[in-house]
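Notebook open, new structure on the screen. I'll jot down what I look up as I go.

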Amino acid sequence: MARNAVEIKDLNYVYPDGTRALSHLDLHVFEGEAVGLIGPNGAGKSTLLLHLNGILRTDHQIRIFGLDITDNNLPMIRSRVGLVFQDPEHQLFMPTVFDDVGFGPVNMGMKKDDVVRSVQSALEEVDMLSFAERSSHHLSVGEKKRVAIATVLSMHPQILVLDEPSSNLDPKHRRELIHLLKKLTLTKIIATHDLDLVSEICTRVAILDKGRIVAAGPASAILQNKPLLARHDLDYGA
Ligand SMILES: Nc1ncnc2c1ncn2[C@@H]1O[C@H](COP(=O)(O)OP(=O)(O)OP(=O)(O)O)[C@@H](O)[C@H]1O
Ligand SMILES: [Mg+2]
């Protein structure tokens, strides 16, 4: 039987300014699943993803492969859960693309040769190897997005968590990303407005609205349910 990769029970989150972003949220993801999180702007998708590797914390509502997210477990959780932020600016802070993609592997204590190999293969996967010595800050938005994805691939996580991975990508690189994500067999959780990407990659879909999961099921069933999508300001297909 498949293992639980992510278990969330009754997760509530209120930002310091009093904005309630998540309400009584339950979600289970099994190892090997690819789950699409869809929903209107402000639904809470990004807030939920930020909880999966402890960037936002509450007590004991989330388990990753059975582990609570505690101070002691945080390094282990972060090595297992690779999170790509919605805004790539939040992911890139080193002098060069190579250093940004190597930051995680170096931090994990990987040997120098292995760091170089991991960085090269991650950059190749997002078609950015020729940018290795460039400054991340001077890239276009789409190029930054691809490097941000590489910063996580280079860590070989067990759960890949992507927030709007296809936004700002040109058609060629969006297609290549979809191809790459299809090829990767690890557990994937993807928040996106790109429902074509969801239909190609995700086995299951959860709709978030106003901080709650309002529907979840097989991707094909959810994406074909036009009245359900319309109730949550979503639309798919002709
Ligand atoms: N740092 C913050 N402080 C206060 N409120 C916040 C903060 N970040 C997000 N919010 C609020 O929390 C709610 C959920 O936002 P979130 O970014 O999780 O939505 P989302 O579903 O990812 O939206 P989008 O589709 O636009 O990316 C929104 O009402 C938003 O205004
Ligand atoms: Mg978001």
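Predicted model: local features only at pLDDT ≥ 70, side-chain atom pairs only at ≥ 80, totals over all residues.

**Entry 1: the hairpin**

I began with β1 and β2. Strand β1 covers residues 4-14 and pairs with β2 in the antiparallel sense, over seven bridges. I looked up one pair: Glu7 stands opposite His28 in β2. Between the two strands of this hairpin there are five residues, and Gly18 takes a positive phi near 100 degrees.

**Entry 2: the sheet around it**

Which strands make up the open sheet of four? I read the order as β2-β1-β4-β5, with antiparallel pairing. At the edges I found β2 (20-30) and β5 (67-68), each of which pairs on one side only. I then checked β4, residues 62-64, and saw that two bridges tie it to β5 in the antiparallel sense. Here Ile64 stands opposite Leu67 in β5. A reminder to myself: strands of a sheet pair through backbone hydrogen bonds, either parallel or antiparallel.

**Entry 3: the other sheet**

Next I went to the open sheet of six strands, which has mixed pairing and runs in the order β6-β7-β8-β3-β9-β10. Its edge strands are β6 (81-84) and β10 (212-218), and each pairs on one side only. On average, neighbouring strands of this sheet are turned by 15 degrees against each other, direction ignored.

I zoomed in on β6. It runs parallel to strand β7 (residues 159-163), and four bridges join the two. For Val81, I noted Ile159 as the bridge partner in β7. Lying across β6 and β7 I found helix α5 (residues 141-153), which runs at about 170 degrees to β6.

**Entry 4: α3 and its neighbours**

From α5 I moved to α3. The axes of these two helices come within 7 Å and cross at roughly 30 degrees. The crossing is right-handed. On the α3 side I listed Val97, Asp100, Val101, Phe103 and Gly104, which meet Val147, Ala150 and Thr151 in α5. By class, that contact has five nonpolar, two polar and one charged residues.

How do α3 and α4 pack, and at what angle? I got about 130 degrees for α3 (residues 97-107) and α4 (residues 112-125), with their axes 9 Å apart. Angles over 145 degrees would count as roughly antiparallel and 65 to 115 as roughly perpendicular, so α3 and α4 are oblique to each other. This crossing is right-handed. In α3, Phe98, Val101, Gly102, Pro105 and Val106 meet Val115, Ser118, Val119, Ala122 and Leu123 in α4. The contact of α3 with α4 has eight nonpolar, two polar and no charged residues. I see that Val101 is listed in the contact with α4 and also in the contact with α5.

**Entry 5: ligand 1**

Last stop: which residues come nearest to ligand 1? There are 13 residues around it, and I wrote down Tyr15, Asn41, Lys45, Ser46 and Thr47 as the nearest. Helix α1 (residues 45-51) gives the most to this shell, with three residues. I sorted the shell by class too: three nonpolar, eight polar and two charged.

Note on methods: Residues numbered from 1 in each chain as written. Chains lettered and ligands numbered in written order. Axes fitted to C-alpha atoms, helices over the stretch in contact; angles between N-to-C directions. Parallel < 35°, antiparallel > 145°, perpendicular 65-115°, else oblique. Left-handed = near helix turned anticlockwise from the far one by under 90°. Contact = placed C-beta atoms within 7 Å. Nonpolar A, V, L, I, M, F, W, Y, C, P; charged D, E, K, R; others polar. Near = placed C-beta within 6 Å. Pairing = 2+ DSSP bridges.
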